[in-house]
Amino acid sequence: MNVVTTLIKSRHSVRKFKPDPVNEIVVRDAIECASLAPTARNLQPWLFGAIKDKETLAKIAGLAENGKFIADCAVCFAIFGEKKEMYYLEDCSAATENLILALQAHGVASCWVAGDKKPYAEPVRQLLKVPDKFTLVSLVAAGTPADITIAKKKALKLVSFAEIYETEDH
Ligand SMILES: Cc1cc2nc3c(=O)[nH]c(=O)nc-3n(C[C@H](O)[C@H](O)[C@H](O)COP(=O)(O)O)c2cc1C
């Protein structure tokens with residue numbers, strides 16, 4: 001059994017958390033793993049925030065309409081990208097997934113909450129006093145899972161092909 005593929009297959013978005021805190025060593029390790037993601041031209045155009053303060057979490061949850069559960073997570077990560085860099089969205093998305101998988105490796109569940117293209121991206125940046133050259137790409141709510149929902153996935157044969165794509169109707 002391969003440890004990494006088993007880890008990837010065991011991950012599910014979790015939106016209900018127990019009140020247990022997440023160890024600071026885990027927070028730092030997850031951020032380090034995020035910062036090791038590949039980036040176009042190795043620019044690493046990002047900034048990673050970790051928010052544990054309950055008042056700030058409640059404020060972020062109040063802004064993010066699809067992330068109300070952020071109020072009850074142990075730690076919320078905020079991933080910002082340098083908006084002048086062409087590939088900041090891809091780079092920060094790769095970092096977000098690294099962060100999520102690193103958390104999973106430490107037994108910490110999480111959920112990616114949209115940031116990029118959301119009207120609350122700018123208010124969240126201002127709330128966290130992040131410099132204007134950055135824009136919010138993603139939020140990741142994390143903690144000990146209280147409830148796990150398994151999302152249905154498309155069958156591999158519907159989303160993959162080998163060599164040349166062929167439609168099923170011929
Ligand atoms: C770019 C992106 C944005 C997302 N935004 C939200 C969000 O705002 N709120 C939320 O509850 N889940 C959000 N999710 C999580 C997805 O809903 C989740 O990944 C999907 O339902 C599949 O479930 P799984 O992660 O358990 O495989 C987001 C995921 C991605 C990749």
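**Close-up views of a predicted model**

**View 1. Leu136, a residue of strand β5.** Leu136 sits in β5, the strand that runs over residues 134-143. Keep in mind that this is a predicted model, here and in every view that follows. Is Leu136 buried or exposed? Leu136 is buried, because 26 other C-beta atoms lie within 10 Å and 20 or more is enough to count as buried. Setting aside anything within four places in sequence, Leu136 is in contact with Ala78, Phe80, Gly115, Asp116, Ala121, Val124 and Arg125.

**View 2. The largest nonpolar core and Leu139.** This core has 41 residues, and the ones touching the most other members are Cys76, Leu139 and Ala142. Which elements give two or more residues to this core? They are the helices α2 (24-35), α3 (54-63), α4 (88-105) and α5 (121-127), along with the strands β2 (46-51), β3 (75-82), β4 (109-114) and β5. Zoom in on Leu139 and, with residues up to four places away in sequence left out, you'll find it touching Ile60, Ala64, Gly67, Ile70, Cys76, Phe77, Ala78, Val113 and Gly115.

**View 3. Helix α2 against helix α4.** Two numbers go with a view like this: packed helices are described by the angle between their axes and the distance between the axes. For α2 and α4, the angle is about 145 degrees and the axes are 7 Å apart. The α2 side of the contact is made by Asp29, Ala30, Ile31, Cys33, Ala34 and Ser35, and the α4 side by Ala95, Asn98, Leu99, Ala102 and Leu103. Sorted by class, that comes to eight nonpolar, two polar and one charged residues. As for handedness, α2 passes α4 in a right-handed crossing.

View 4. Which residues surround the ligand? The list reads His12, Ser13, Arg15, Asn66, Gly67, Cys111, Trp112, Val113, Ala114 and Ala151. By class, this shell has five nonpolar, four polar and one charged residues. Gly67, one of the shell residues, belongs to the loop between α3 and β3. Gly67 is buried, because 25 other C-beta atoms lie within 10 Å. Beyond its neighbours within four places in sequence, Gly67 is in contact with Ala61, Val113, Leu139 and Ala141. Arg11 is 56 residues from Gly67 along the chain, and their C-alpha atoms are separated by 19 Å.

**View 5. Positive phi at Arg41 and Gln44.** Most residues other than glycine have a negative phi. Arg41 has a positive phi, near 55 degrees, and Gln44 has a positive one too, near 50 degrees. Where are they? Arg41 is in the loop between α2 and β2, and that loop is also the place of Gln44. Arg41 counts as exposed because it has 10 C-beta neighbours inside 10 Å, whereas Gln44, with 16 of them, counts as partly exposed.

View 6. With 13 other C-beta atoms within 10 Å, Asn23 is partly exposed. How far apart are the C-alpha atoms of Asn23 and His106? The separation is 9.8 Å, for two residues that are 83 residues apart along the chain.

Methods:
Residues numbered from 1 in each chain as written. Predicted model: local features only at pLDDT ≥ 70, side-chain atom pairs only at ≥ 80, totals over all residues. Helix = DSSP H or I, 4+ residues; strand = E, 2+ residues; numbered from the N terminus. Buried ≥ 20, exposed ≤ 12 C-beta atoms within 10 Å, placed from the backbone. Contact = placed C-beta atoms within 7 Å. Core = buried A, V, L, I, M, F, W, Y, C linked by C-beta atoms within 7 Å. Axes fitted to C-alpha atoms, helices over the stretch in contact; angles between N-to-C directions. Left-handed = near helix turned anticlockwise from the far one by under 90°. Nonpolar A, V, L, I, M, F, W, Y, C, P; charged D, E, K, R; others polar. Near = placed C-beta within 6 Å.
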